[in-house]
Each structure stands twice: as structure tokens, then as C-alpha cells.
Amino acid sequence: MLSRIAESLFWIGRYVERADGTARILDVHLERLNHLPPEDQRSVAQELLGVMGSRPDHDDFGLPELLHAIAYDRTHATSIAGSLGAARENARRARETVSSSLWECLNTTYYGLSQHRKDVVGTYRFCHWVLERTAMVGGLTDTTMSHDESWLFLVLGRSLERADMTARMLSTREVHTAGMSWVNMLRCAGAYESFLRTRRAAFDDRHAAEFLLMDRLFPRSIVYALRDADEALAKLDPSDTRLGHINDARRIVGQARTFLEFHRTDDLMVELPEHMERVQRAVAQASDAISRKYFNRADELAWVGEVS
């Protein structure tokens, strides 16, 4: 496969998952942000923007500026609209590889971005619309593409970004948003019902954090996402299994996953920020290693802005 096609497929997976994760994070914080006093709004908005990997461009950065920066700004791939635009552009570059159904879904989603109000109520509806569209993209990816190398690169990008976005989601728990509960964190990840079926008893913050970090059966847990990424890397380079040579990307992903799986502590909540930073750093390093090995470069497509 041409490296440019593989790279485009990898970034389609990352950008669609980035849009989905950002919509989830914004949705769960939006109502609480709207009810905060203006001063607190500005403080929380700046903290949330920092968690998402950006910085405010001026001191008077409040809720309207936050909505534009992480929902509607098409010039940066860290926003929902920017991510979906970048996913569509990468699909256009790999048009001969993605299925017609997937291309039409991404194209229709791109042209639907401008059909939403940009106030708080409109953004709430926009987030739910994005979640529906990204779920459709995921379904079409898995059901209309052969599960060959093309699909593996797309899944690899999706899995790495999912681990990163779940880590960012958990990091927002530290942002002062009038007592964000772990129930809301679980709902944000779509994990609430699965968690209740798993626990079947009373639970506290530690149990919820463990579920989102280490559950081996829930698709949005960090361990599950990293395992998917590791499996995709193993299938893309099966010689590693026979010869025992582990490429840099597999080493980084494997170390991050096994650390979470086998590390035990009596105070997970205190260590949580450190774990989230480690996961985000591993995803960034693995992405660079994948670019060097498969795409012949360490930076992403020029027009889409910075890599998370």
C-alpha cells in the first residue's frame, strides 16, 4: 500500500474519533458551564481548552470562545468541525480505497456542519448530531470495508485516538465544574449501563476510574483501546511475532497497556493525573513511530494543524 494512502486512512480514524471524543467531553460539561458565574466560566473554559491541547489567544476567553475553539473552528483539527473536515479531506485523498458508503457519510457530515446554531442550546444539539454521525462512520467502516491493511490502518488510528480522548475525558474530572460526578463521567463515555451491569453493587469514584482505565471488555476503556491498537500493529507487521522483534510503536503501546493492566495501587485517584499524562504521551510517541515506519515522515498532513 502507498504510504500516502495508509497515512490518510490512519488519520481518518484519528480525526473521526477525535470529533466523537470532543463532542462527548463538551456535551457533559456544557450545562454546568452555562450555569456558572461569568468569572468562573472564563476560568473553567480556559482549563478545558488546556485539557484539549490548546491555549486561549486572549485573557477574556469565556464560554462563547470555548464553543468556537473546540466545536466550530474549521481552521484547527483540535475542534469538532476541524476534525471532521480533516477526516473528509483525508478520505478524498484515499477515495480509491474507502468505500462509497463511507465517503458519502463523511461528505454529508462535512456539509452538515454549517446547519447548526452556535449558542449553548445549538451546541448541545450539535454534539448529539456529531455522536450520531461518528457512530455511523464507525459502523460503515466495519461493515463496508474489507478487513485488510486499509481497514487496519483506520482502526489503528481510531484506537490510539480513543485511548487519548478517554484520558483527556478523565483529565477533565480535575477541572472545577461545580462537582462533576463520576456518574456523568461514565455517561460521557457511554459506559454507565455497562458499568452498572459489571458492578451490581454500590461503587465509589475508584471503581468508576478503574472501569474507564482498565476494563478489558468495554470498548472505550483505555486498556481496551490500546489492546486494539496493539493487535492492529501486530497484523500489519506479523514478522514481529515469529522473530520476536518489536517495533517502536508496538513497544510503546504495549508498555502503556501492560503498565495499566498490572499496576496496582491503594490510591488510584491520587495517581490518576499521572496515569492520564502517561497515556497521552504514549499515544503521541506511538503516532510518531508509526509515521516514521509506515509513512516515511513524523508529521501529519500539512494543512490540518498540529497533532494532539
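Mentor: Let's begin with G50, which is partly exposed because its relative accessible area is 41%, a value between the 20% and 50% cut-offs. Keep in mind that this is a predicted model.

Trainee: Okay, and which helix is G50 found in?
Mentor: G50 belongs to helix α2.

Trainee: How far is the C-alpha atom of G50 from that of T172?
Mentor: Their C-alpha atoms are separated by 9.7 Å, while the two residues are 122 residues apart along the chain.

Trainee: Staying with α2, how do its axis and that of α3 cross?
Mentor: The axes of α2 (residues 38-51) and α3 (residues 63-72) cross at roughly 20 degrees and come within 9 Å. The two helices are therefore roughly parallel to each other, as the angle is under 35 degrees. The crossing is left-handed.

Trainee: Which residues meet there?
Mentor: From α2 you have Q41, A45, L48 and L49, and they meet L63, L66, A69 and I70 of α3. By class, that contact has seven nonpolar residues, one polar and no charged.

Trainee: Nice. Switching topic, what about α9 and α10: roughly parallel or roughly perpendicular?
Mentor: Roughly perpendicular. The axes of α9 (residues 192-199) and α10 (residues 205-214) come within 11 Å and cross at roughly 115 degrees.

Trainee: And is that crossing left-handed or right-handed?
Mentor: Right-handed for α9 and α10. On the α9 side the contact is made by S194, F195, T198 and R199, and on the α10 side by H207, A208 and F211.

Trainee: How do the residues of that contact divide by class?
Mentor: Between α9 and α10 there are three nonpolar, three polar and one charged.

Trainee: What does the side chain of T109 make a polar contact with?
Mentor: One partner is the side chain of R133, at 2.9 Å. A polar atom of the T109 side chain also lies 2.7 Å from the backbone oxygen of C105.

Trainee: And which residues does T109 touch, leaving out those up to four places away in sequence?
Mentor: T109 touches L84, W129 and R133. So R133 is on that list because it has heavy atoms within 4.5 Å of T109, and its side chain is also the polar partner at 2.9 Å.

How values were computed: Residues numbered from 1 in each chain as written. Predicted model: local features only at pLDDT ≥ 70, side-chain atom pairs only at ≥ 80, totals over all residues. Heavy atoms only, no water. Polar contact = N/O pair within 3.5 Å; in protein donor to acceptor, adjacent residues only side chain to side chain. Axes fitted to C-alpha atoms, helices over the stretch in contact; angles between N-to-C directions. Helix = DSSP H or I, 4+ residues; strand = E, 2+ residues; numbered from the N terminus. Parallel < 35°, antiparallel > 145°, perpendicular 65-115°, else oblique. Left-handed = near helix turned anticlockwise from the far one by under 90°. Nonpolar A, V, L, I, M, F, W, Y, C, P; charged D, E, K, R; others polar. Buried < 20%, exposed > 50% of the residue type's maximum accessible area, 1.4 Å probe, protein only.
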